[in-house]
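I opened the notebook to look up ring pairs, confidence, cores and backbone angles. The entries follow in that order.

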Amino acid sequence: MKTPVSLLIVACLALSGCTNPAVREAEDLSRANRLPQAVALLDKAVQQQPGEPAVRAAQMRMREQLVQRQLLQIEGLRQTARWDEAASVLEQLRAVDPGNARLAWYEIEIARGRKQEGRLAAARADLSEGRIDRADAEAREVLAESPRNAEARRLIAQIAQARPLDPASYGEMGPAFQKPVVLEFRDAPLRQVFEALSRSSTINFVFDREVKSDARVTVFLRNVTLDEALRVILSTQGLDRKLLNESTVLVYPNSQNKEREHQELVTRTLYLTNADAKQVMAMAKTIAKVRDIHVDERLNMVVLRDTPEVLRLVEKLVAAVDLPEPEVMLEVEVMELASDKVDTLGLQWPSSVQLGISDATGQIPDRVFIGGKNPSNLRASIANPLAVANLSGTDGDVNLLANPKIRVRNRDKARIQIGEKVPVFTTTSNFSVNTSVAASVSYQDVGLKLEVEPIVQLDNDVSIKINLEVSNIINQVTGPGGTTAYQLGQRQTTTTLRLADGETQVLAGLINNEDRSSSTGVPGLQNLPLLGRLFGSRTDTRNKSEIVLLITPHVIRNLSLPEAANSRLPSGTDASPGAFSSLIRSVAKPGVVLAGSGAPQQGPAVPQRAVLRYELTQNVPAGGNATLTLRNEAAYAVKALVEYDAKLLQPDQPGAAGVPGVLGQLQIEVPAKSDKAVLLRALPTASGQVLSVGVISPQAIGVPAGESLLVVAEGVGLIQVEAR
């Protein structure tokens, strides 16, 4: 027979032999952070031992750990835009768990991320080259696909800062439409005006068959772009345009039928992150007057169909309202401070004395017949002990503390309840043929109930509606039929307060103060001063409780307001929401009247300022040529005089005049928005000297009557002639 020690040794050896070597080795690899090798080892062990449950369980456990680790790696690489590494880990995940449900989703997200990165790079290039609308459209396309894309949000913020506040600059067309033009037509046919616009630019105009080419128009526009001039002419003639390509525009009547015929409609799907789809639908119908809109509440999605201008307006409106709601953390501390004190002092005398005839046992019965009894049985009795001295006192303090922390969304109610449910029984009797009694139970909440409703303000203040109720059981009452009810004490307060972020408010003063005094003793004698304590006992009870509430709000997240540039949006006209504005820049000088009404009435001319800049070669050898470069930034040609020392400099072109041998002057003319170069040869006599060249008396050429243009020459005209 084996001893207990030998049996224990055999059991330990058996248990140690039950652990598969492959499982032990895989666990060692897992602790060494080599999960792929551990999974490969267990896969091989399962193939060799397919019926071993311990190996199979270890394989499933290790495989699940590896899958979770790879998913975390893919998510981290995706967030940091390391797409190649994320794709590599995704392939490893496919090899470990080919049926994983997230494989297809990550494939789409990685491909989308690579594409979005290229689109954001193109949007940045467009922004740097001044194509603000194109950059904004690209960034918003990316943001519509990935609402949490931080790079897209950052680029949209940069675009908002770079975009001018002037509504007329929104929706500008390509560079070909930004060329400056000057239009002066009086009662001219519409076709002639467009021919002039086409000749002065590279834009082709195609007319709808219903456009009246012989309509008369009077227009005076100076210092405006082709885009601005086109919008003004079309708006005054009841026409509209459609861009066919970068250099071709279709002109058609601005009527409802023609809009349906020529306007391109776009369908756009917007997935909302925070805003409610029904509210967005109402906003789009009210403000943007969207033609067709569909709401999918399940996906919190809206589908819109309208012109690109209207959809662009809706996208900007949605970006302004699709913001996360504020959240606040409420730190609440509720204390109930209670104290009980009971003092009892005095002598307790018996409340009754008996006198009667006792029976055979010595007891005084309730009734007795005196005639048949011996008077010697008359007995008197009194409680024993005769008097009891009460010298007692109790003193207690209670401090009940609740310190919950609750996170709640803006304008939502949060409830905190601490206490218990007390059962209350109710019986119902049925006095019909067969009397029956039915009992039911209901529960009464007893304890502390706190309801709060925070409203987070934009300045990080928090307005809080507070409803505090504290109840406790005072007495148990027995009702008819033995039913049980309770007498409850209740204290309640309701208030609204406003606190700053992190500010603590104390609500106190819910005090219940109870003083009770009772006495028992010999009537008449217990009320004697001083000696009354010898003939009675007095009990003094003092109960006091107070509820104190401390509440501290901590704003977790507040509204991230959009930039001011995004809050002020051009909305087109009432007939064409989202259309381009017909306003032109303030520096332009327009004058547009209807045909046959005469020339426009203009007020006093306000002088405008233009600059004629010039640069001069700073160092030349004796006998070499210095170049004077003049740059005209005005919209008109400018003429000026170039002054130089005729003894030391000689212009390399005809037309020079002035005082021979002393002062030389050369008259030049620089076309509008152009440059011109003048060569000045340094004579041998100028060796080692510093020469001065000036540009004086600049004047604009061809300025219309009633308008003045002030031209200023700016530059440095010093030449250092090298010594021989």
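**Entry 1: aromatic pairs.** I began with the rule: rings of Phe, Tyr and Trp (its six-membered ring) pair if their centres lie within 6.5 Å. Planes under 30 degrees apart count as stacked, over 60 as edge-to-face, and the rest as tilted. By this rule I get three aromatic pairs. The model is a predicted one.

I looked up Trp 105 and Tyr 106 next. Their ring centres are 5.0 Å apart and the planes make an angle of 75°, an edge-to-face pair. Are the two partners buried or exposed? Trp 105 is partly exposed, at a relative accessible area of 38%. Tyr 106 is buried, at 1%.

Then I took Phe 194 and Phe 207. The centres are 5.2 Å apart and the planes stand at 80°, so this pair is edge-to-face. Where do the two residues sit? Phe 194 belongs to helix H9 (residues 190–199) and Phe 207 to strand E2 (residues 204–207), so the pair ties together parts that are 13 residues apart in sequence. Phe 194 is buried at 2% relative accessibility, while Phe 207 is partly exposed at 28%.

Together with Phe 194 and Phe 205, Phe 207 forms one aromatic cluster. I also noted a charge: Arg 191 lies over the face of Phe 207, 5.7 Å from the ring centre.

**Entry 2: confidence.** I read off the pLDDT. The protein averages 75, and 72% of the residues score at least 70. Which strand has the lowest confidence, and which the highest? Strand E20 (residues 589–594) is lowest, with a mean of 42. Strand E7 (residues 292–296) is highest, at 92.

I flagged two stretches. Residues 1–18 stay under 50, and the model gives them two contacts beyond four places in sequence. Residues 586–607 also stay under 50, but there the model has 42 such contacts.

**Entry 3: cores.** I searched for the largest nonpolar core and found 29 residues in it. Those with the most contacts inside this core are Leu 612, Leu 628, Leu 630, Leu 649, Val 693, Ile 719 and Val 721. Which strands each supply at least two residues? I listed E21 (608–616), E23 (625–632), E24 (637–645), E27 (663–670), E28 (675–682) and E32 (718–722).

Beyond its neighbours within four places in sequence, Val 693 contacts residues including Leu 616, Leu 628, Val 642, Leu 649, Leu 680 and Ile 719. Glu 643, Tyr 644 and Gly 717 are also in contact with Val 693.

As background, nonpolar side chains in soluble globular proteins tend to be buried together.

Entry 4: Most residues other than glycine have a negative phi.

Asp 187 is not a glycine, yet has a positive phi of about 55°. I located Asp 187 in strand E1 (residues 180–189). Its relative accessibility is 36%, so Asp 187 counts as partly exposed.

Lys 289, not a glycine either, has a positive phi of about 55°. Where does Lys 289 lie? I found Lys 289 in the loop between helix H12 (277–288) and E7. At 41% relative accessibility, Lys 289 is partly exposed.

Terms used. Residues numbered from 1 in each chain as written. Heavy atoms only, no water. Buried < 20%, exposed > 50% of the residue type's maximum accessible area, 1.4 Å probe, protein only. Helix = DSSP H or I, 4+ residues; strand = E, 2+ residues; numbered from the N terminus. Lys NZ or Arg CZ within 6 Å of the ring centre and 35° of its normal. pLDDT = per-residue confidence, 0-100. Contact = heavy atoms within 4.5 Å. Core = buried A, V, L, I, M, F, W, Y, C linked by side-chain atoms within 4.5 Å.
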